[in-house]
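Please work through each task with the structure in view before reading its solution.

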Amino acid sequence: LNNAPINGTTYCATVETTDWNDCESNTENNVWYSFTTPSNGDITVNLTAIACFGSGAGVDVSVFAGNCSAFTTNGCLAMSSGGSGSVPTFTGPAGTYYVMIDGDNDGSATALCDFDVDVDFTADPCAAGGSGTPVNDDCANAATLTENAAPISGTVYCATAEATDWN
């Protein structure tokens with residue numbers, strides 16, 4: 001997460017009967033990557049330096065959550081050779097995600113492609129354990145206001161409702 005891209009390729013990749021479908025509702029020769037987020041947050045999968053040397057036009061990139069036998073799709077994007085792109089940013093819970101990259105984005109043939117892949121992650125400051133919850137979020141930690149004192153700053157951003165809050 002939030003590191004320099006790593007090099008990847010679909011050269012010599014295979015397709016398995018258990019592989020999931022891509023953006024085109026099919027699956028060509030593919031490679032898989034995984035990453036784990038420590039908390040809720042915004043996730044973006046990026047591909048750069050896409051260079052294909054087969055008969056296809058680029059790659060399909062699919063992002064899944066769950067496990068290898070029961071995925072949910074979080075995003076998918078076809079990207080052309082010679083270009084770069086990002087699967088649209090989505091907000092996801094803490095957990096493990098899988099990225100399937102297959103070598104084709106036009107449905108005509110399997111492309112052999114090299115690429116660089118990385119993941120951007122921005123933690124939700126309001127998630128459990130996040131740094132955004134105000135220190136005076138509940139009655140027991142009320143900030144003290146003093147007469148004729150300088151104003152104090154406050155926010156309700158990331159404030160939570162407590163079972164003991166008054167209506």
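**Exercise 1. Decide whether C68 is buried or exposed.**

Solution. C68 has a relative accessibility of 55% and therefore counts as exposed, given that buried means under 20% relative accessible area, exposed over 50% and partly exposed in between, with a 1.4 Å probe and protein chains only. The model is a predicted one, in which local features need pLDDT of at least 70 and side-chain atom pairs count only at pLDDT 80 or more, while totals for chains, interfaces and linings use all residues. Residues are numbered from 1 along each chain as its sequence is written, and side-chain values use heavy atoms, with hydrogens and water left out. C12 is likewise exposed, at a relative accessible area of 63%.

**Exercise 2. Find which cysteines form a disulfide, and determine its handedness.**

Solution. Begin with the search criterion, a pair of cysteine sulfur atoms within 2.5 Å; applied to the whole structure, the search finds one disulfide. Its partners are C52 and C113, whose sulfur atoms lie 2.1 Å apart. Next, take the torsion about the S-S bond, which is about 100°, so the disulfide is right-handed. Finally, C52 counts as buried at 19% relative accessibility, and C113 counts as buried at 0%.

**Exercise 3. Classify the aromatic pairs Y33 with F115 and F71 with Y98.**

Solution. A pair of aromatic rings is described by the distance of the centres and the angle of the planes. Rings of Phe, Tyr and Trp (its six-membered ring) pair if their centres lie within 6.5 Å, and planes under 30 degrees apart count as stacked, over 60 as edge-to-face and the rest as tilted. For Y33 and F115, the centres are 6.4 Å apart and the planes stand at 80°, so the pair is edge-to-face. Y33 sits in strand β2 (residues 30-37) and F115 in strand β9 (residues 113-123), 82 residues apart. F71 and Y98 have 5.3 Å between centres and 55° between planes, a tilted pair. F71 is in strand β5 (residues 70-80) and Y98 in strand β8 (residues 95-102), so this pair ties together parts 27 residues apart in sequence. Both residues also belong to one aromatic cluster with W32 and F64.

Notes: Helices (H or I, at least four residues) and strands (E, at least two) are DSSP runs, numbered from the N terminus.
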